[in-house]
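Here is a short briefing on side-chain contacts and surface charge. Please look over the sequence and the model before reading on.

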Amino acid sequence: MAEVTSERLVKVEERGKSNTHRIDRLENLAEAIHRQNENTARLAEKLETIDMTIEALEKRLSEIERQPKTKLNAFSTAFVTALASAVFSMIATLLLS
């Protein structure tokens with residue numbers, strides 16, 4: 001009976017050591033998962049910041065792209081006005097002469 005109890009005690013101790021090693025590995029794994037989650041959260045914050053920056057840059061780019069069109073439209077309007085004035089002046093001069 002003492003022999004059986006001794007064997008059981010040895011098995012329980014071996015199982016205890018095995019469980020201790022398993023718990024240690026799980027603690028390390030839990031720590032790694034925790035660090036990974038923190039890094040993922042930081043990455044998400046950075047991506048959000050980058051997204052806002054890109055949106056701001058897109059707005060600025062749209063405004064810059066619109067400027068030449070606005071200037072071209074103003075130039076076209078001025079040119080047509082000047083041309084029409086010249087034509088009307090020429091017609092008025094011919095009619096009055």
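How many salt bridges does a search of the whole structure find? The search finds 1 salt bridge, defined as a side-chain nitrogen of Lys or Arg within 4 Å of a carboxyl oxygen of Asp or Glu. This is a predicted model: local features need pLDDT of at least 70, side-chain atom pairs count only at pLDDT 80 or more, and totals for chains, interfaces and linings use all residues. Residues are numbered from 1 along each chain as its sequence is written, and side-chain values use heavy atoms, with hydrogens and water left out.

**Salt bridge**
- E31 and R35 form a salt bridge at 3.7 Å, N to O.
- Both residues lie in helix α1, 4 residues apart, about one turn of the helix. Helices are DSSP runs (H or I, at least four residues), numbered from the N terminus.
- E31 is partly exposed, at 41% relative accessible area.
- R35 is also partly exposed, at 44%. Partly exposed lies between buried (under 20%) and exposed (over 50%), with a 1.4 Å probe and protein chains only.

**Aromatic pair**
- The count is 1 aromatic pair.
- F75 and F79 are stacked, because their ring centres are 6.4 Å apart and their planes are at 20°. Rings of Phe, Tyr and Trp (its six-membered ring) pair if their centres lie within 6.5 Å, and planes under 30 degrees apart count as stacked.
- F75 and F79 are both exposed.

**Negative patch**
- E45, E48, D51, E55 and E58 form a negative surface patch. Patch residues have over 30% relative accessible area and no salt bridge, with like charges joined within 9 Å.
- E55 sits in helix α1, residues 2-96.
- E55 is partly exposed, at 42% relative accessibility.

Technical notes: Patch = residues over 30% accessible without salt bridge, like charges linked within 9 Å, V, L, I, M, F, W, Y side chains within 5 Å. Areas by Shrake-Rupley, 256 points an atom, 1.4 Å probe, with all protein chains shown as cover. Lys, Arg positive; Asp, Glu negative; His and termini not counted. Charge placed at Lys NZ, Arg CZ, Asp CG, Glu CD. Helix = DSSP H or I, 4+ residues; strand = E, 2+ residues; numbered from the N terminus. Phe/Tyr/Trp six-rings, centres within 6.5 Å; stacked < 30°, edge-to-face > 60°.
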